[in-house]
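Have the structure open beside you as you read.

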Amino acid sequence: ARLEATVLAKQSEVTLKIYGSSGPSNRSFALLYQSIDIRRVCLSDNARHTNPDKQRFDGLHKHRYDETAGESREAYIPGDMQAPDNIDRSFFDFLKECNIRLEGTYQARLPF
């Protein structure tokens, strides 16, 4: 399943996009400004990432945009994911981290 939503930053009138995917091999959410990945969470057990300093991540990890580097290449292990196996709860955790308030409806895939 795929998710795409538009986010309006009311104070600055900037439009952002949220993309998500949930499948057997990939579960992730990303917040993009234009085409720049400013926040991302990889939830899959088989998600792999290696930081520029060669630190390796297998499984759950997050990326945050670094203004100095101009990219979101660095990853870290989050301590704030309430239920990474529940895609719906993970989506709301991601919204909370990004300071996004959901207006409208959301059709949950799993009860939480």
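1. Let's start with a charged pair: Glu4 and Lys17 are joined by a salt bridge, at 3.7 Å from N to O. The term covers a side-chain nitrogen of Lys or Arg within 4 Å of a carboxyl oxygen of Asp or Glu. Glu4 belongs to strand β1 and Lys17 to strand β2, so this contact ties together parts that are 13 residues apart in sequence. Glu4 counts as exposed, at 52% relative accessibility, while Lys17, at 27%, counts as partly exposed. Here exposed means over 50% relative accessible area, buried under 20%, and partly exposed in between (1.4 Å probe, protein chains only).

2. A word on the basis of all this. The model is predicted, so local features need pLDDT of at least 70 and side-chain atom pairs count only at pLDDT 80 or more, whereas totals for chains, interfaces and linings use all residues. Residues are numbered from 1 along each chain as its sequence is written, and side-chain values use heavy atoms, leaving out hydrogens and water.

3. How are β1 and β2 joined? Strand β1 (residues 2-9) and strand β2 (residues 14-22) run antiparallel, with eight bridges between them. Strands are DSSP runs of E with at least two residues, helices are runs of H or I with at least four, and both are numbered from the N terminus. Two strands pair if DSSP finds at least two bridges between them. Along this pair, Val7 has Leu16 as its bridge partner in β2, and Leu8 stands opposite Thr15. Four residues lie between the strands of the hairpin, where Glu13 takes a positive phi near 60°.

4. Glu103 forms a salt bridge with Lys10, with 3.3 Å between the closest N and O atoms. Glu103 sits in the segment after α1 and Lys10 in the loop between β1 and β2, 93 residues apart. Both Glu103 and Lys10 are exposed. Glu103 has a salt bridge with Arg101 as well, the closest N and O atoms being 2.4 Å apart; Arg101 counts as exposed at 61% relative accessibility.

5. How many salt bridges does the structure hold? There are ten, and a network of them links Arg39, Lys62, Arg64 and Glu97.

6. Last, the aromatic rings. The structure holds five aromatic pairs, counting rings of Phe, Tyr and Trp (its six-membered ring) whose centres lie within 6.5 Å, with planes under 30 degrees apart called stacked, over 60 edge-to-face and the rest tilted. Phe91 and Phe92 form an edge-to-face pair, 5.6 Å centre to centre with 70° between the planes. The rings of Phe91 and Tyr106 are stacked, because their centres are 5.1 Å apart and their planes at 15°. That pair links distant parts of the chain, as Phe91 is in helix α1 (residues 87-97) and Tyr106 in the segment after α1, 15 residues apart. Phe91 counts as buried at 4% relative accessibility, whereas Phe92 at 22% and Tyr106 at 28% count as partly exposed. Ring pairs join Phe29, Phe91, Phe92, Phe94 and Tyr106 into a cluster.
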